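Subject: The structure, and what turned up in it

Hello,

Here is the structure I promised to hand over. Please open it next to this email, and my notes follow below.

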Amino acid sequence: MNTQLSLSSIQSLIDGNVSDPGSLLGRHSVDYRGQQATAIRMYEPEAQSIWVVDSASGLRRPMRRLHPEGVFEAIFDETPESNYKVEMIDKQGKTVQTTDPYATPSLLSDFDRYLIGEGRHHGLYERLGAQLRTVNGVEGVNFAVWAPNARAVQVVGDFNGWDGRQHGARQLPNLGIWELFIPSAKPGQRYKFRILSEHGQWMDKCDPLAFASELPPLTANIISDINSYAWNDESWLQQRAEFDPMHAPMNVYEVHLGSWQKGPGRTHGWLDYRDLARRLSDYCHRMNFTHVELMPISEHPFTGSWGYQSVGYFAPTSRHGNPEDFMFFVDHLHQNGIGVLIDWVPAHFPKDDHGLRRFDGSALYEHADPRQGEHPDWGTMIFNFGRNEVKNFLIANALFWLDKYHIDGLRVDAVASMLYLDYSREDGEWIPNQYGGRENLESIDFLREFNDAVHENYPGVVTAAEESTAWPGVSKPTSEGGLGFTYKWNMGWMNDTLRYMRNEPIHRQYHQNELTFSLIYAFTENFMLPLSHDEVVHGKGSLISQMPGDMWQKFANLRLLYTYMWTHPGKKLLFMGGELAQWNEWNEDDGPQWMLLDFDTHRGVQQLVSDLNKLVVENAALHHYDFGHEGFEWVDCQNAQDSTLVYLRKGMPGTAPMLICSNFTPVVRENYPIGVPEAGFWKEVFNSDSEAYGGSNVGNYPGAHSRGIGHHGRPDSIAVTLPPLGTTILRLEQ
């Protein structure tokens, strides 16, 4: 047998122990009988016979079987065309024309390699993972994965019977990337990467850049075409590019897709993306929400994590359908004027064996030292933001959702844990930075780079930080030393306000500063006011159950809370079920208590939220200057004894100011004098105590004329009735 392959090399191929199968298989120059020749070798266990077909001449040359397990070779005196094809008869007698995986040029250009080496390849998702590709007219899939410390990488899946010996990947020099084109692979087939660690252990790992996965608890990835969906949201995208996040109204409905609504006959009642799209867009229209924010939709193995422990960063969860189904979801909401934000979790990832942890047998995506690489509270791993490849992976992931799925914004989870090295750690459990401080300098650089990449590439797309500390400049541009987020969640406002509302009204006079304190810092950041899922889980109870008093007072307090929130400076976010005044604390198995809408009181709260949303959208005074002093003015914040608050919201010049008068006690206050900046008729445009909302209908319809008497340091005043545990909103009519 004339071959330059040793028996040990052939046996290594059969055993799957070759770290670089491309050194043995494919096209090679050899010295054959003293002459320069070309050898083409293939490992095809399913083949009976194989021919090499010269693309230029069409000549067919048979390959010799070197081993009964399926190792073939052909030697040519002349050099065949580099784009030769292979014709194979398999064991069932079927003839297949294909291409040699090891003769296929890399999908990565020199420029791709340069950008990857720099850690700035924002289109990484178009090069790594499973990319549909046609080579020499043969359709297949190009697989590529970053695993620099692996000894060998195989691609296993439905296309090779999950036997990776014939599909060992080639390692690209100096990149740590393994790559292989497999012509037999097709969309819809499942796959994984089988990795041999430096310690000699084989591991089956999910593709970090996979576009789809099996329904959990199954874990294989699915080859997917994500470039063929026909989008119909061009008009929305054009408008979004001109969207002004500083001055536009934003009322966000936070949703957990797995529990918002259920459907009979489905796995765990999970609705598909297309059904959810129709239902959710209709509901948001009726409720006047401008955006939905989805709790993480990237693939996650444990449903109870709500998506915050992701394994498939580039794959929408299969619980509700495939990638095209999710594209339809976003597309449909856009066509109906609803923006789509998603929760994004770059702070940490779970320890599941098939995921990112010790991906190639080494601490690759995470830090090796648990003082840097693990969250003790959450049992998760922390990304190594100081590694270029990890930063590249995460920033490319953020841009991927904006590019391929037209997402309108990213809410970044757990930013506080990313900023501080000692977050939730005791002394000795963390490592200071190079200057001896507690700031995570690599993470800070990452967040700035992430925000710059988003805003530069996708004008109108917003980013929001869930950040609970006093870190300065979270929503300031990076050019001014900030982190670059569009918005910051106002966790201080949320905590102070809920703490105040839990007090019995008789005690609220001693806590007035909990309401007024937020305006001391309200304009230091671009704040979003959240009443999110975190406020109605883990034993906190639902929002209405946190309200004090008898049944009537609980509903009145909740309506009062919402009206205060919707008229306070800042964009608004409410978690699903809050608009129904549901009694149950939320969990992922039980969504909103829709049956409560059979009761007038619950329908009243729902109608109140809808009307508040509409009021914000239609009145510039309630949204144009959410982040500046020019949009807010205290009229009276000193009357702690009566527990009242009065303030003005103002829009751009030429628009009508709005007067918000709140009474945080159940005592009706009649002929209550309030100073106003202008004389005229102040029309009552909203009253949280309206009988339409389940209130007692105490108010000032149709409004109040100014009296020509100065008050509160203003040239004129009106006398109003403040409803019990209620707010009346009046607008100056020109």
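Is tryptophan 493 buried or exposed? Tryptophan 493 is buried, because its relative accessibility is 1% (buried means under 20% relative accessible area, exposed over 50%, partly exposed in between, with a 1.4 Å probe and protein chains only).

A word on the ground rules. This is a predicted model, in which local features need pLDDT of at least 70 and side-chain atom pairs count only at pLDDT 80 or more, while totals for chains, interfaces and linings use all residues. Residues are numbered from 1 along each chain as its sequence is written, and side-chain values use heavy atoms, with hydrogens and water left out.

The overall picture

The protein chain has 16 helices and 37 strands (DSSP runs numbered from the N terminus: helices are H or I with at least four residues, strands are E with at least two). Its C-alpha trace spans about 115 × 55 × 45 Å along the principal axes. Of the 734 residues, 61% are buried. Among contacts (heavy atoms within 4.5 Å) between residues at least 6 apart in sequence, 70% join residues at least 24 apart.

Around helix α11

Back to tryptophan 493, which forms a stacked aromatic pair with tyrosine 564, at 6.3 Å centre to centre and 25° between the planes. Rings of Phe, Tyr and Trp (its six-membered ring) pair if their centres lie within 6.5 Å; planes under 30 degrees apart count as stacked, over 60 as edge-to-face and the rest as tilted. The pair links distant parts of the chain, with tryptophan 493 in helix α11 and tyrosine 564 in helix α15, 71 residues apart. Tyrosine 564 is buried too, at 2% relative accessibility.

The two helices themselves, α11 (residues 491-502) and α15 (residues 551-567), have axes that come within 11 Å and cross at roughly 150°. Axes here are lines fitted to C-alpha atoms, for helices over the stretch in contact, and angles run from 0 to 180 degrees between N-to-C directions. The helices α11 and α15 are therefore roughly antiparallel (angles under 35 degrees count as roughly parallel, over 145 as roughly antiparallel, 65 to 115 as roughly perpendicular and the rest as oblique). From α11, Trp493, Thr497, Leu498 and Met501 meet Asn557, Leu560, Leu561, Tyr564 and Met565 of α15.

Methionine 491 also lies in helix α11 and is buried, with a relative accessible area of 12%. Beyond its neighbours within four places in sequence, methionine 491 touches Glu466, Glu467, Ser468 and Pro530. Its C-alpha atom is 8.4 Å from that of threonine 469, 22 residues apart along the chain.

The axes of α5 (residues 273-287) and α6 (residues 323-335) come within 8 Å and cross at roughly 15°. That makes α5 roughly parallel to α6. Among the residues in this contact are Tyr273 and Arg274 of α5, and Glu324 and Asp325 of α6.

Backbone details to look at

Cis peptide bonds join proline 216 to proline 217, with omega about 15°, and tyrosine 701 to proline 702, with omega about 0°. Proline 217 sits in the loop between β15 (202-205) and β16 (221-222), and proline 702 in the loop between β34 (681-687) and β35 (703-705).

Asparagine 136, in the loop between β9 (129-135) and β10 (138-146), has a positive phi near 55°. Histidine 712 has a positive phi of about 55° although it is not a glycine, and is partly exposed at 24% relative accessible area.

Happy browsing!
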